[in-house]
Amino acid sequence: MSGPAAAILGLPGPVLEGTDRAFLRAADPWGVILFARNVRDPAQLARLTADIRDTLGRDAPVLVDQEGGRVARLRGPHWTEWPSPATAAAGPATEEAIHLRHRLIAAELAAVGIDVNCAPCADLAGPATHPFLADRCYGTTVQQVVRNARAAADGLLTGGVLPVLKHLPGHGRATADSHFALPVVAAPLADLDASDLAPFAALADLPIAMTAHVVYAAVDDRPATCAPPLIALIRDRIGFRGLLVTDDLGMQALSGTAAQRTAQAIAAGCDIALHGNGDAATLRTVADAAGPLTAAAQARSDAALARRRLPDPHDARALASC
């Protein structure tokens, strides 16, 4: 394989064992994503991220989901416990508070070697939004979501952590949890343009975004992750030109083997396939099916990673008191 695989893969535990190192060297993924099973305390986590990069022989991206609320892999007592994005969006001085919150999240992530955060969600919440997503949304209007998601993303970037915008082209109308079933959105494209797609269009300059495992019947009968017309919609109608990563391919919204799901997503136009399962045999099939980054994906990767930066100087205590 020429260059890293177009894949982001999970690991089984909190320590990189010899077998894990051999797997990582062989699979050579673009990046690694961490889950609660990989996290014990700051010293352990810093060793793990350093070991990942040492094994891969490069400054590979290390990702995590640290949205706040229910979706947070780093928790107390070692890390700050934040309220859900929906709660934050309903608070006073919302925009400034959300920016500061994500500046602090970035500081905690950067301190342990994590440089990519799978946040913020720019999905538009509505009366039918499934509970698995509703409290992760930053509002119920386009303007509210754009303002708050932009504040979150800018806070992360200022802190030296790349944000991952999710879930394109919009998960808010889905009434099923894509972890367990395939949601179908029947709304006409004109309605989607005026609502669900609009926050992503306004945030299309962000470096990395994640797809939704949702069928948009007005466009295609396949989930967006695996549907070329929907990836084209993300690129052309929404205008996102950055690095496009799949949502976790292990979710039950998708059918077929891990290798088949990976091949379909890459063929549809996704740049990188993400699979969080810690099973080495499964993940090796994902890396093999993904193949190396295409020339276009490599260019988008280079542009995204070029936006990694040293955090702006800050006083953590002063920030925390704001």
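**Notes on the predicted model**

1. Let's start with the record. The unreviewed UniProt entry carries the annotation "domain: Glycoside hydrolase family 3 N-terminal" for residues 31–294; such positions are given in the numbering used here, feature names are shortened, and annotations may be inferred rather than shown by experiment. In the model, the end C-alpha atoms of residues 31–294 lie 16 Å apart, and the span is 39% helix and 13% strand. Helices (H or I, at least four residues) and strands (E, at least two) are DSSP runs, numbered from the N terminus.

2. A word on ground rules. This is a predicted model, where local features need pLDDT of at least 70 and side-chain atom pairs count only at pLDDT 80 or more, while totals for chains, interfaces and linings use all residues. Residues are numbered from 1 along each chain as its sequence is written, and side-chain values use heavy atoms, with hydrogens and water left out.

3. Now look inside. A nonpolar core is a set of buried Ala, Val, Leu, Ile, Met, Phe, Trp, Tyr and Cys residues joined through side-chain atoms within 4.5 Å. The largest one has 91 residues, and Leu34, Leu45, Ile52, Leu74 and Ile114 touch the most other members. Helix α6 gives this core its largest share, seven residues. There is also a second, separate core of six residues, with Ala89, Ile98, Tyr138 and Ala152 among them.

4. Pick out Ile52 and check its neighbours. Leaving aside residues up to four places away in sequence, Ile52 touches Leu11, Leu16, Leu24, Val32, Leu34 and Val62 (contact means heavy atoms within 4.5 Å).

5. Next, follow helix α6, residues 142–158. From first C-alpha to last, its 17 residues reach 24 Å, close to the 24 Å expected at 1.5 Å a residue (the expected span is 1.5 Å times one less than the number of residues). Of those 17 residues, 13 are buried, where buried means under 20% relative accessible area, exposed over 50%, and partly exposed in between (1.4 Å probe, protein chains only). After α6 comes Gly160, with a positive phi near 85 degrees.

6. Finally, find Gln264 in helix α10, residues 258–268. Gln264 is partly exposed, with a relative accessible area of 40%. Its C-alpha is 8.2 Å from that of Thr225, 39 residues apart along the chain.
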